[in-house]
Amino acid sequence: MSQAHLHLSPDAIYPFDARGVAKRFRHAAIFGALDSLQPGETMRFANDHDPLPLLSQIAQRYGDRVRVDYRQREPGAIVIDFSVQ
């Protein structure tokens, strides 16, 4: 029996560290996480490289529905907020 997911983060920011996800599953996991967000919620994405191909795919898939804001953009340390509008 499954229950609806309760979004419990008081600041509506949910961490997603891509470095812990096998490369072959990363994009599917990221899209699944984005699909589960409600308007006003944010996924704070961490990665070891700038995911330019992923950003292109997100723009194509979600358009203006997902806003992309870099929080940190240094070699080896990328943090991006994906906010659902």
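## Phenylalanine 45

Strand β2 is where phenylalanine 45 lies. Helices (H or I, at least four residues) and strands (E, at least two) are DSSP runs, numbered from the N terminus. At 1% relative accessibility, phenylalanine 45 counts as buried, a term for residues under 20% relative accessible area, with exposed meaning over 50% and partly exposed in between (1.4 Å probe, protein chains only). Leaving aside residues up to four places away in sequence, phenylalanine 45 touches Phe16, Ala18, Ile30, Pro51, Leu54, Ile78, Val79, Ile80 and Phe82; contact means heavy atoms within 4.5 Å. Phenylalanine 82 is 37 residues from phenylalanine 45 along the chain, and their C-alpha atoms are separated by 7.3 Å.

## Basis of the model

This is a predicted model, in which local features need pLDDT of at least 70 and side-chain atom pairs count only at pLDDT 80 or more, while totals for chains, interfaces and linings use all residues. Residues are numbered from 1 along each chain as its sequence is written, and side-chain values use heavy atoms, with hydrogens and water left out.

## Chain overview

The chain has two helices and four strands. Their order from the N terminus is β-α-β-α-β-β. Of the 85 residues, 34% count as buried. Among contacts between residues at least 6 apart in sequence, 59% join residues at least 24 apart.

## The sheet

The four strands form an open sheet in the order β1-β2-β4-β3, with mixed pairing. Two strands pair if DSSP finds at least two bridges between them. The edge strands are β1 and β3 (66-74), each pairing on one side only. Direction ignored, neighbouring strands of this sheet are turned by 20 degrees against each other on average. Strands of a sheet pair through backbone hydrogen bonds, either parallel or antiparallel.

Strand β1 (residues 13-17) pairs with β2 in the parallel sense over five bridges. In β2, arginine 44 stands opposite proline 15, and alanine 46 stands opposite aspartate 17. Strand β2 (residues 42-47) is mostly covered, with five of its six residues buried. On the other pairing, β3 and strand β4 (residues 77-84) run in the antiparallel sense over eight bridges. The bridge partner of glutamate 74 in β4 is alanine 77.

## Helices on the sheet

Helix α1 lies across β1, β2 and β4 and runs at about 160 degrees to β2. Helix α2 packs on the sheet and touches β2, β3 and β4, its direction making about 170 degrees with that of β3. Axes are lines fitted to C-alpha atoms, for helices over the stretch in contact, and angles run from 0 to 180 degrees between N-to-C directions.

## Helix against helix

Helix α1 (residues 26-36) and helix α2 (residues 52-62) pack at an angle of about 40 degrees, and their axes are 12 Å apart. That angle makes α1 oblique to α2; angles under 35 degrees count as roughly parallel, over 145 as roughly antiparallel, 65 to 115 as roughly perpendicular and the rest as oblique. The crossing of α1 past α2 is right-handed, meaning that the near helix is turned clockwise from the far one by less than a right angle, with anticlockwise being left-handed.

On the α1 side the contact is made by His27, Ile30, Phe31, Leu34 and Asp35, and on the α2 side by Leu54, Gln57, Ile58, Arg61 and Tyr62. By class, this contact has six nonpolar, two polar and two charged residues. Ala, Val, Leu, Ile, Met, Phe, Trp, Tyr, Cys and Pro count as nonpolar, Asp, Glu, Lys and Arg as charged, and the others, Gly among them, as polar.

Valine 84 has its place in strand β4 and counts as buried at 3% relative accessibility. Not counting residues up to four places away in sequence, valine 84 touches Leu34, Leu37, Gln38, Pro39, Gly40, Glu41, Arg65 and Val66. Proline 39 and valine 84 are 45 residues apart in sequence and 4.9 Å apart in space, C-alpha to C-alpha.

Tyrosine 70 is in strand β3 and, at 28% relative accessibility, counts as partly exposed. With residues up to four places away in sequence again not counted, tyrosine 70 touches Asp50, Leu52, Leu55, Ile78, Val79 and Ile80. The C-alpha atoms of tyrosine 70 and phenylalanine 82, twelve residues apart along the chain, are separated by 8.8 Å.
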